[in-house]
Structure formats: C-alpha cells, structure tokens
Amino acid sequence: MPFKTRVTEMLGIEHPIVQGGMQGVGYAELASAVSNAGGLGTLTALTQPSPEALREEIERCRSMTDKPFAVNITVLPTILPPDYKAYAQAVIDGGVKIVETAGTQQVREIWEMVKPHGVTVLHKCTAVRHALSAERHGCDIISIDGFECAGHPGEDDIPGLILIPSAADKVKIPMLASGGIGDGRGLVAALALGAEGINMGTRFCATKEAPIHDNVKAKYVENDERGTNLIFRKFKNSARVGKNDVSDEVVAISERPDSTFEDIRHLVAGAVGRELLQSGDLTKGIFWAGMVQGLIHDVPTCKELIERIVGEAEAIVKERLGAMLA
C-alpha cells in the first residue's frame, strides 16, 4: 500500500520518495527510472552544457516516462556563473511543472520566473532559518538536509534527528527529509519526525540506472558510514564527499595553516570529478557521497529499490510498531 502525504498529492507521485538533483548523475536514464517506479526523478540542469542541451534532455526524459519529473537548478557563487535564467526558461519551455532549487538567495529570481507557469518549487535547505525564509518567499515544498547528507550540508553541523523535527515544528508547508536515508527505516523515521517524504541522492547513485561507472557504484557499497570526508571547511563551503585517496589528500592539504583553495583546485575541479564518474578511475578526483553509504549493500534497479523501501516501511508501521502498542 502506498503512503499518501501532502507531498505525493502536490507532486502527483505514487510514493513520497524524491531523487534529488546531482551534478554529473541527474540524466534522463536515472530520472525516468525513478519516476516510472512511482517516485519523483530529477534532471540536473547544470549537468547539461547549455540551456538548449537541457531542453533536449527534458524531451529525452519525457520520451522515457509519462510520469512527473523535476529539474534541479542550483545557484552557487562562482567566478563565471552560468545563465541561470536561460536554464529556467528551458524548464518553462519544456513544460516541466516541478523545479528543485538550492543555493544562494538568487534562486528566488528563478522562482519568480517559473511560478507564474504553474511550476511547483521544491527548495533544499540546511537550516531551519533558511527553510522559514524560503517559505515566506513563496516556496511550495522544503527539503531539509541533515549534516549526514552528501554535497553541501551547511556550516551548522545539525544532524537529521534534530534538524527534521526542529523544522517540522515551525515550517507549515510540506517538507521532505534528506541526508542519511536509504531504506524503509529511514522513510518511517522521516515521517515520524514530521516530514512528508524523503529526498535521496547517494542511494540512487548505487542503482542500475545511475549513469556512472560500476567502479563508483562498487565504492558506495564498499564504504561504510565512516567512508566520507568533509572538505572546504576552512573556506566556509563545507562539502561531504566519498572517502578515497584524493579526498584524503584534499583534507591533508587543507589542514595546513597556510593552505589556500588554489592548493587543492586541481584535485576538486568539476572536470576531473566528471571524468571519475565516467571512467571509474577513483584516483582522478572526488565524488559526492553521504554517510548513508553504511546502509548501501547492493546495486538494485530503481524499481526494486523503491518497492523495497515502501515494503519495508509498511511492514515496520503495521507489524513492528503496531506490536509495540499495549
């Protein structure tokens, strides 16, 4: 039996399970597989080299699924920023009705563009205060990311067990829980803590349809909950990545008092990260990964994974928790 929440109703999906946007991973193969399995798949806009390429990827995804899917647009400080509004226009032109955003307050300009076209905005936050600000400015759904998550967990270091209910106490719009979730136990826990669905990244990387090399998927299975490194701390842009020789080197260099970003730029450049994902050569760069690696033991299809999560969650609610009621 599927779980029915405000998130499933607003997004028009069967299960309250969202695949978050991931640079170098959020292509049509993965997004369509997640959507076909009853969740919400997400294309990553900036994985595409241009807004026109995003238009083509949207059409390619639509040819692979007739279910809803989203497009992620992440706005981060950069020396040469992409034309975010052109990417947002590609979303509008492509008829996509769900956008996931993350990053700086500049995302509000994206919201102003897409919302008049009936687009639902899902915004990823790492702090309660940011979630409340997003709610005030017209966001429709919040995804709250605990410290366990891959990517950028913010600088507050608040784990999901505290962050999720803290946000649920104050945020009125529907909320997804993200970070450290990879099975049915995580879904039930998220619902119990006040969320109305889950947003998973790392767990979807370790699926058959994820368009990355099998060596990387095997590394997700091999690593345990200790298999991440937190980098960029000294630059106030903390990022959680998979533990390998390269990320170990980044940490070692960064710990030197006189180190600067230029000392690690060649190790963390996006180009070498993309090469790693495609070649499977784990000596080439860093790869995004969360602590949830400790819960990843296989590489199923997206359909198998989602059905397993929902089945486990239903059994926990009906059997294990039900049996505890006196």
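Q: Which residues of the largest nonpolar core touch the most other members?
A: A nonpolar core is a set of buried Ala, Val, Leu, Ile, Met, Phe, Trp, Tyr and Cys residues joined through side-chain atoms within 4.5 Å. Buried means under 20% relative accessible area, exposed over 50%, and partly exposed in between, with a 1.4 Å probe and protein chains only. Here the largest nonpolar core has 75 residues, and V71, I73, I142, I144, F204 and Y220 touch the most other members. Helix 14 (residues 302-324) gives the most to this core, with seven residues. Helices (H or I, at least four residues) and strands (E, at least two) are DSSP runs, numbered from the N terminus. This is a predicted model, in which local features need pLDDT of at least 70 and side-chain atom pairs count only at pLDDT 80 or more, while totals for chains, interfaces and linings use all residues. Residues are numbered from 1 along each chain as its sequence is written, and side-chain values use heavy atoms, with hydrogens and water left out.

Q: What is I142 in contact with, leaving aside its neighbours within four places in sequence?
A: Contact means heavy atoms within 4.5 Å. On that basis I142 is in contact with H123, C125, A131, A134, V171, I173, P174, M175 and L176.

Q: How is the area buried between domain 1 and domain 2 to be read, and what is its value?
A: Buried area is the accessible area (1.4 Å probe) that two parts lose on being put together, summed over both. For these domains it is about 1,100 Å², of which carbon and sulfur atoms give 45%. In domain 1, G151, H152 and E155 lose the most area to domain 2, together 40% of what that side buries. By contacts, 14 residues of domain 1 meet 10 residues of domain 2.

Q: Which side chain is joined to K234 by a polar contact?
A: A polar contact is a pair of N or O atoms within 3.5 Å; within protein, one must be able to donate a hydrogen and the other to accept it, and residues adjacent in sequence count only if both atoms are side-chain atoms. The side chains of K234 and S259 are joined by one of 2.8 Å. K234 is in the loop between strand 9 (228-231) and strand 10 (239-242), and is partly exposed at 36% relative accessible area.

Q: Is T5 buried or exposed?
A: T5 is buried, with a relative accessible area of 11%. T5 stands in the segment before helix 1 (6-11), and a polar atom of the T5 side chain lies 3.1 Å from the backbone nitrogen of V7.
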